[in-house]
Amino acid sequence: MQFHNYLILLFHSQPNTKQCNYILFNYSELKQHKENLIQKMEILSQMWSLLGLLTVLQNVLPSQLLSVLHSLYESLQDLLSPYSYFEIPEFNGYCGVELNDLYRHVHLYLNAVNHSPAAACRRLTLSRSPSSNRISFAVAPNHTVHDTFNNHRLSWTHHVDAVQDSLEEKRSFTLRFPKRHRHALLSAYLGHVTSRAEEFERVSRERRLFTNNNGTGSFESGWVSVPFRHPSTFETLALEPELKKQIKDDLTAFASGKEFYHRVGRAWKRGYLLHGPPGSGKSSLIAAMANFLCYDVYDLELTKVSDNSELRSLLIQTTNRSIIVIEDIDCSVDLTADRTMKKNGAKLSSKSKKHKTTSFSGSGCDENTRVTLSGLLNFTDGLWSCCGEERLVVFTTNYRDSVDPALVRCGRMDVHVSLSTCGVHAFRELAKNYLGVESHVMFEAVEGCIRSGGSLTPAHVGEILLRNRKNPDVAMREVLSVMQGKMDVVTAADHTDNEEVGVVAVRSPESVLLMGSPENWDSLSGKKRKEQQHGTSNLDKKVKFFVRLRSLTKSDSGR
């Protein structure tokens with residue numbers, strides 16, 4: 001020590017006291033660092049010796065003893081660690097043939113695009129399916145992502161290990177959270193993961209449009225499907241704003257009512273009857289409902305169903321979160337014949353020939369070879385209707401009175417939506433969607449024609465606007481001209497039968513949503529109709545005078 005210090009002092013020709021102290025301090029620090037490095041090298045050498053000893057022991061000691069030692073080590077580690085670890089494998093059981101549903105939920109939960117923990121992960125795997133524009137974010141293998149639940153920090157680790165002598169991989173998730181909060185956090189957090197995963201799956205999955213295939217082909221299922229990509233939404237529907245809000249609120253309450261339906265003991269389903277003239281938007285409303293709820297659509301063609309047994313089989317094969325649609329229920333099969341033939345059975349029994357002719361459509365002897373009213377009733381509200389959850393059953397018809405009352409009672413068709421011709425608000429919505437205009441000088445004249453009975457169906461108005469979408473003025477003039485022509489027809493019919501058509505001439509089109517007891521619906525609609533007649537009688541005279549004046553002005557300008 002003294003020799004080295006002496007050499008350092010000699011190296012400087014005229015060293016002062018501060019310089020000597022600085023040099024001595026630096027040399028002492030370097031020497032201490034050297035000693036620490038030597039100690040670390042000795043520790044590493046001992047560790048390598050220990051690893052070598054463990055390798056030798058592993059080859060010498062029996063496997064049973066090694067397994068016991070490994071278990072003791074893990075138990076000691078679990079005892080000293082402040083965290084609990086739970087492994088969720090991809091497959092259940094020892095053989096690994098059944099997919100673990102919890103693993104799938106964790107995968108969806110962590111891979112959600114808008115989920116903050118997955119977005120905070122250092123390394124992600126990106127993917128996109130050919131049938132979807134959505135980019136999927138997946139946690140990379142053997143990486144950890146952190147999450148927070150009830151102010152507690154948790155972590156998920158995605159393990160991917162290669163299987164020896166195989167090309168397959170063993171995948172699992174490991175959940176780590178504080179050990180002292182184990183019982184309070186585990187069930188609540190896993191329930192949160194499951195609910196978020198199901199919601200993400202419902203929104204992100206590709207929706208399908210199914211139809212029954214009449215039992216032909218090599219399909220095991222009675223349904224065939226194509227991707228459902230109908231663009232109709234509630235924002236583009238030509239409906240009154242109040243009716244839109246009522247339908248959306250009812251659908252939202254149904255989709256979130258799982259606990260309520262279970263608590264009251266009802267099957268988690270709801271029936272909708274859409275009735276109105278052709279072109280009033282029944283099919284577009286069904287597509288908007290499917291897009292709003294992110295449900296699959298099953299379009300059931302009753303004419304392809306051979307009997308009630310096949311109808312039940314088709315019902316069993318439908319999935320949850322779906323809409324089962326039967327369009328034109330009054331025209332699909334002759335359901336009312338079941339009741340009429342029973343009432344007139346005594347009269348028809350004397351005419352054997354006639355009885356044989358009509359027995360296929362209505363008699364009891366051939367009920368096993370066709371779909372009957374009883375089979376359809378059991379399909380919508382019988383024991384077989386509860387084989388799935390979160391389903392909507394939708395019937396459509398042009399004439400509600402032609403549908404058997406048993407099919408539309410409460411419990412089967414809970415909501416009746418009456419879709420009429422295009423109203424004032426619906427027309428403004430169509431003009432905004434097709435022409436991109438929210439106001440026009442001819443809106444007032446068109447609305448006058450609508451209120452006086454010259455309204456058209458949304459499909460008719462949409463076709464006119466689509467054809468003239470590049471020129472809003474031409475489109476509005478053509479719509480007004482067609483409405484005036486319809487008003488002339490209504491006025492001519494009013495002269496021939498004033499009592500029969502008087503209500504139609506002054507009726508303002510209005511789509512109605514009805515719930516509750518069906519016995520009161522007709523009376524309620526009658527009251528509304530009388531109020532409309534009384535309130536619009538004076539307005540009708542003024543509107544007719546205004547429209548006549550415009551038509552005369554138009555004819556004079558043409559001359």
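Predicted model: local features only at pLDDT ≥ 70, side-chain atom pairs only at ≥ 80, totals over all residues.
## Paired strands

Val160 has Arg171, in strand β8, as its bridge partner. Residues are numbered from 1 along each chain as its sequence is written, and side-chain values use heavy atoms, with hydrogens and water left out.

Strands β7 (residues 152–162) and β8 are antiparallel and share eight bridges; two strands pair if DSSP finds at least two bridges between them. They form a hairpin with six residues between them. In the turn, Asp165 has a positive phi of about 60°. Strand β8 (residues 169–178) also runs antiparallel to β1 (residues 83–89), with seven bridges. Ser84 has Phe177 of β8 as its bridge partner.

## The chain as a whole

The chain contains 21 helices and 16 strands. These are DSSP runs numbered from the N terminus: helices are H or I with at least four residues, strands E with at least two.

Of its 559 residues, 37% are buried (under 20% relative accessible area, 1.4 Å probe, protein chains only). Among contacts (heavy atoms within 4.5 Å) with a separation of 6 or more, 68% link residues 24 or more positions apart.

## The largest nonpolar core

The largest nonpolar core has 28 residues; such a core is a set of buried Ala, Val, Leu, Ile, Met, Phe, Trp, Tyr and Cys residues joined through side-chain atoms within 4.5 Å. Helix α9 (282–293) is one of the elements that supply at least two residues, and its seven are the largest share. Leu285, Met289 and Val417 have the most contacts inside the core.

Conventions. Buried < 20%, exposed > 50% of the residue type's maximum accessible area, 1.4 Å probe, protein only.
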